[in-house]
Amino acid sequence: MAKRMGGGILVDLRGHGKSMSSFGQQRHTFENCAKDVIQSVDTTISTVVGHSFGGRVALECAMQLSSKNATTWLLDTVPGQADGSVVEVFETIQSIDVQNYDTKSDISKVLTEEKKMNVGLAQWLTSSMTSDESSLKWGFDLDIIEDLLPEFGTQDFMGKLQHLVLSEEEQQKSSSVIHLVRGGKNTSWSMDILSKLQDIQKKSNNRFYLHVLPNAGHWVHVEDLPGLVKLWETHKT
């Protein structure tokens, strides 16, 4: 996706990929995940893109970078509790004992044939798996992910969004813009949420944009990458 969108720095969020190291007594929160990202990127941040959990972290980055005039893209980041498909994927992964399989292809086959998961999603999940002399390992720390899941329900998503794009304070010190791309087939987007977001967009003076990819579900970057890239190219600064 990054290559199609012109390149960028891909950061492994806390508990993912190479960000598996011990965090001591530090709490696993979206705010601390955002601090991880900002501290890891040794350059000026002009744009932050995040999907789902990554979108929640991207919103926190926007709060911490509010004076930096950064553009933020939130990909199917639904306010409130974790998206149902995310919880379902997490529970599916927990149910698989990877020590019983020899290759990523074996696990991908289990995900698609036994667990009835979308092929693209299964391939994406297994692409980050690693192996040592004894067994395969997921590309994320399930314990950290489990600790982070409650954060979805407690993050003041709407409040932070409104502060960033509507508050007089932010308008005076920043020209930051936020784009939210929703998957049209994702039923988690309630009329109440959409109505609130549309109202924010009307009042934002072109600082907040709500987009939709009608043919995509929650995993927009897997299910409609061309559509996502087209949106990016239309609105990139």
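1. Helix α2 (residues 53-64) and helix α8 pack with their axes 10 Å apart and at an angle of about 40°. That angle makes α2 oblique to α8, where angles under 35 degrees count as roughly parallel, over 145 as roughly antiparallel, 65 to 115 as roughly perpendicular and the rest as oblique. Axes are lines fitted to C-alpha atoms, for helices over the stretch in contact, and angles run from 0 to 180 degrees between N-to-C directions. Helices (H or I, at least four residues) are DSSP runs, numbered from the N terminus.

2. The model is predicted: local features need pLDDT of at least 70 and side-chain atom pairs count only at pLDDT 80 or more, while totals for chains, interfaces and linings use all residues. Residues are numbered from 1 along each chain as its sequence is written, and side-chain values use heavy atoms, with hydrogens and water left out.

3. α2 passes α8 in a left-handed crossing (the near helix is turned anticlockwise from the far one by less than a right angle; clockwise is right-handed). On the α2 side the contact (heavy atoms within 4.5 Å) is made by Arg 56, Leu 59, Glu 60, Ala 62 and Met 63, and on the α8 side by Phe 157, Lys 160, His 163 and Leu 164. By class, this contact of α2 with α8 has 5 nonpolar, 1 polar and 3 charged residues (Ala, Val, Leu, Ile, Met, Phe, Trp, Tyr, Cys and Pro count as nonpolar, Asp, Glu, Lys and Arg as charged, and the others, Gly among them, as polar).

4. Helix α8 (residues 157-166) also packs with helix α10 (residues 191-203): their axes come within 10 Å and cross at roughly 15°. The two helices are therefore roughly parallel to each other, and α8 passes α10 in a right-handed crossing. Among the residues making the contact are Met 158, Leu 161 and Val 165 of α8 and Ile 193, Leu 197 and Ile 200 of α10. The contact of α8 with α10 divides into 7 nonpolar, 1 polar and 2 charged residues.

5. The axes of helix α4 (residues 104-114) and helix α5 (residues 119-127) come within 9 Å and cross at roughly 145°, with α4 passing α5 in a right-handed crossing. The contact includes Ile 107 and Leu 111 of α4 and Val 119 and Ala 122 of α5. Its residues divide into 4 nonpolar, 5 polar and 1 charged.
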